[in-house]
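The coordinates come from a predicted model.

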Amino acid sequence: MGSDMWDAVAPDASRRLLRAAVDSFGELGYHGTSTRHIAAGAGMSAGALYVHYRTKADLLFQIALTVHESVLAELEGAVDGVEGPPARVRALMYAFACWHARHHRAARVIQNELGALEPPHAERIAALRRRVRALVRDEVRAGAAAGAFDVADVEGTARAMASLAIDVCRWYRPGGARTPEDVGALTAHLCLRMLGARPS
């Protein structure tokens, strides 16, 4: 889990609690984790946790919000100023897969525990997820319209591409044969092959 995603969280105690919650949820699951366990992981008392987060549900929501806002900003930045459908898709999917490798622990927690979000929290996260999916879909649609991609089903193809990148968080482990950059490059290559990308 890269540190940059959490840098904007303040104060330091709140940031430490989020990181400890990711570790605890990843190890024990959301329902198997107690606030006492999270507080201990952050080197704090259980009472001190409630100064920063009212409930365990609030912690899960803040992790989900941070994760989704981070990936959305990463993807938007990846295509900023990039021209041409193949180059834009390459940049987008490289960033998407790299992000899920670098932040695999937090991303995996959220993928596993989305169902535990309380309804108002789930609605806000769903809106962010729709924005992420729309980024991929819009690039596929634009490339198909320009004749750069051979796509029979824009929605289904975009969903498959997003799933390929997101699933990285389930299997990626640091220290293995592939770096996040390797995973990003392969994912981008595979997505362009899925699109039947034609040379510029």
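## Surface patch and cavity

Helix H10, which spans residues 180–194, is the main contributor to the nonpolar patch, giving three residues. The patch lies on the surface and is formed by Leu164, Leu186, Leu190 and Met194. Together these residues have about 280 Å² of accessible area.

Leu190 is one of the patch members, and its place in the chain is within helix H10. Is Leu190 buried, partly exposed or exposed? Its relative accessible area is 35%, so Leu190 counts as partly exposed. Patch membership calls for over 30% relative accessible area, and the 35% of Leu190 is the value to set against that cut-off.

The space in the largest cavity is about 50 Å³. Its lining consists of Arg133, Arg137, Glu155, Ala158, Arg159 and Ala162. Two elements give two or more residues each to this lining: helix H7 (119–145) and helix H8 (154–166). H8 supplies the largest share, with four residues. By residue class, the lining of the largest cavity holds four charged residues and two nonpolar ones, with no polar residue.

The two features are set side by side below.

| Feature | Residues | Value |
|---|---|---|
| Nonpolar patch | Leu164, Leu186, Leu190, Met194 | about 280 Å² accessible area |
| Largest cavity | Arg133, Arg137, Glu155, Ala158, Arg159, Ala162 | about 50 Å³ of space |

Note on methods:
Residues numbered from 1 in each chain as written. Predicted model: local features only at pLDDT ≥ 70, side-chain atom pairs only at ≥ 80, totals over all residues. Heavy atoms only, no water. 1 Å grid on protein atoms, 1.4 Å probe; cavity = no way out; pocket = protein on both sides within 12 Å on 5 of 7 lines; lining within 4 Å. Points joined across faces, edges and corners; volume = space filled by probe spheres on them. Nonpolar A, V, L, I, M, F, W, Y, C, P; charged D, E, K, R; others polar. Patch = residues over 30% accessible without salt bridge, like charges linked within 9 Å, V, L, I, M, F, W, Y side chains within 5 Å. Areas by Shrake-Rupley, 256 points an atom, 1.4 Å probe, with all protein chains shown as cover. Salt bridge = Lys/Arg side-chain N within 4 Å of Asp/Glu carboxyl O. Buried < 20%, exposed > 50% of the residue type's maximum accessible area, 1.4 Å probe, protein only.
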